[in-house]
Amino acid sequence: MDVLVVSDLRAGYKDHEVLKGISLRVRKGEKVVLMGPSGSGKSTLLKCVVRLVEPWSGRIIIDGTEVTDKRVDIRKVRAKTGFVFQSYNLFPHMTVLRNITLPLELVKKMPREKAVEKALSALKSVGMEEYADKYPLQLSGGQQQRVAIARALAMDPVLLLLDEPTSALDPELREEVLVVLEDIARRGMSMLIVTHEVDFAEDVGDWMILMEDGRIVEEGPPIEMIHNPKKERTKQFLKSVLKRYADGGSQRKLVSP
Amino acid sequence: MYDTLFFILGILPYLLEGVYLTLYVSTLSFLIGFVLSAILTPTRLFTQPPLSWLARTYIEGFRGTPLLVQLFVIYFGLPALGLKFDAVTAGVIALGLNSAAYQAEILRSSIKGIPESQFLAAESLGLTTAQIYRYVVLPQAVRTAIPALVNEFVTLVKESSLISVIGVVELTRRGEYLVSYTFRALEVYLAVALIYFVMCAAFSQIAKLVERKFKIPGYERGA
């Protein structure tokens, strides 16, 4: 069963077309990894999925609901689609706990006690339960991102959208977030994830898509794409990504393409 | 020297009685301004052209003309339309209407200062626009606005001296009376200035405490 179907999606800002006909699907429990150079439209694609950016044309279906249908209450779709941002985007004036209970109470209409219970268990699943009473800016980037992941998870999403969840982090903080993401992936969450973590893509991804200039360049199983890319452009891109990680001193093992 | 000191000490009680009216007028007009700005700002930000244009015109109008002229229009001009106010009321109205324009600008820029990413995060969770403003944007914007709002209040305390010209016997007016009795303009006006200064400094200090109390934990300036 498909959790997400995107067909021939076009979108952009003003008269600048960013997505030039993108089609992809995420099956239930599947992890789809999206890669591509900056400006290729990955973030816009993710935002379009829940209409944080309005699509120009094409169809998007999440869990059987046609997102692109203007009559659909988009907030209901967003409530069951988790979104994790590159820069975490926690609400700085609220405690970690309140960051998570707020949407549960306002959107899911949960009573306070139930929301707290739910939030604490979500925090526990990312190893952050001890920090429930802290404020986001008192935490490290990695910890903030784990809280943001917990906030998304607490909503019991059918699909998790992750927009470069580790890109803003120092190499040593990446690992703690990746471990959490791997754990969530293993538990069967459907994920569409924009990342340049090649190892993560290989270990966790079921399908990999390389985008450039608003189009899909190549797609396939991550292992094949990473070790045996068909297109010259894919080869080139992976090489530059791996080089960047080697320079950045990533803690993870490096797989040469 | 001693003579000057004793003279100033002698006139202080009389001047300090004017502090009450100065603070009364400033506080009341600040509150009026606050309430009006809470109407003006959303009107300017969220309504369609005829209404939003009206809010904008109000703000630009009051910011672009001298307060003293606004005061004259209200106190001397409006009676021609049958709207007659006593001096204190006219003063409070003029200061309040004027302050509303400035406070609306403060509120607007604080809201505009909330990063787009906060809106995106709240939207992605399924919050309605009203909920986003109520729970995410305004609590942060008001915190940012505190220093500027206090500054606006301090400005009001000082500008309230203008209403002495329509005969409100506040701090400055009392100074004028004393000068016409004693002819010692330098000492009297310096004493008046000193009282304003102490008031303003005190409010700035209180503001620092308030700001610290509402500071977002972990937030460092420039971070």
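**Chain B, contacts and overall form**

I began with the contacts of chain B in this predicted model, and found that, among those with a separation of 6 or more, 76% join residues 24 or more positions apart. I then counted the secondary structure and noted 8 helices and 0 strands in chain B, so that the order of elements from the N terminus reads α-α-α-α-α-α-α-α. The C-alpha trace of chain B spans about 70 × 50 × 20 Å along its principal axes, and 31% of the 223 residues of the chain count as buried.

For confidence, I looked up the mean pLDDT of chain B, which is 90, with 98% of its residues at 70 or more. For the model I recorded an ipTM of 0.89 and a pTM of 0.85.

**Ala145 of chain B**

I next picked out Ala145(B), which is found in helix α6, residues 129-159 of chain B. Is Ala145(B) buried or exposed? I find 21 other C-beta atoms within 10 Å of Ala145(B), and because the cut-off for a buried residue is 20 or more, Ala145(B) counts as buried. Setting aside the neighbours within four places in sequence, I listed Ile106(B), Leu107(B) and Ser110(B) as the residues in contact with Ala145(B). I also checked Leu97(B), 48 residues away along the chain from Ala145(B), and found the two C-alpha atoms separated by 19 Å.

**Where chain A meets chain B**

Turning to the contact between the chains, I noted that chain A brings 21 residues and chain B brings 20 residues. On the side of chain A that touches chain B, α2 (74-79) and α3 (96-106) of chain A each supply at least two residues.

**Helix α4 of chain A**

I then followed helix α4 of chain A, residues 112-125, whose 14 residues reach 20 Å from the first C-alpha to the last, close to the 20 Å expected at 1.5 Å a residue. Which residues of α4(A) are buried? I have Ala115(A), Ala119(A), Ala122(A) and Leu123(A) under that heading. Viewed down the axis of α4(A), these buried residues fall within an arc of 100°, and therefore they line one face of the helix. I looked for what covers the buried residues of α4(A), and the covering elements include α3 and α5 (141-154) of chain A. After α4(A) comes Gly127(A), for which I noted a positive phi, near 70°.

**Strand β9 of chain A and its partners**

Last, I examined strand β9 of chain A, residues 207-212, which is mostly covered, with 5 of its 6 residues buried. In the parallel sense, β9(A) pairs over 4 bridges with strand β3, residues 31-35 of chain A, and within that pairing I located Leu210(A) as the bridge partner of Met35(A). In the antiparallel sense, β9(A) pairs over 5 bridges with strand β10, residues 215-220 of chain A, where Glu212(A) stands opposite Arg215(A). The hairpin of β9(A) and β10(A) has 2 residues between the strands, and I marked Asp213(A) there for a positive phi near 50°.

Key. Residues are numbered from 1 along each chain as its sequence is written. Chains are lettered from A and ligands numbered from 1 in the order in which they are written. This is a predicted model: local features need pLDDT of at least 70, side-chain atom pairs count only at pLDDT 80 or more; totals for chains, interfaces and linings use all residues. A residue is buried if 20 or more other C-beta atoms lie within 10 Å of its own, exposed if 12 or fewer, and partly exposed in between; C-beta atoms are placed from the backbone. Two strands pair if DSSP finds at least two bridges between them. Two residues are in contact if their C-beta atoms, placed from the backbone, lie within 7 Å. The expected span of a helix is 1.5 Å times one less than its number of residues. The arc is that of the directions from the helix axis to the C-beta atoms. pLDDT is the predictor's confidence in each residue, from 0 to 100.
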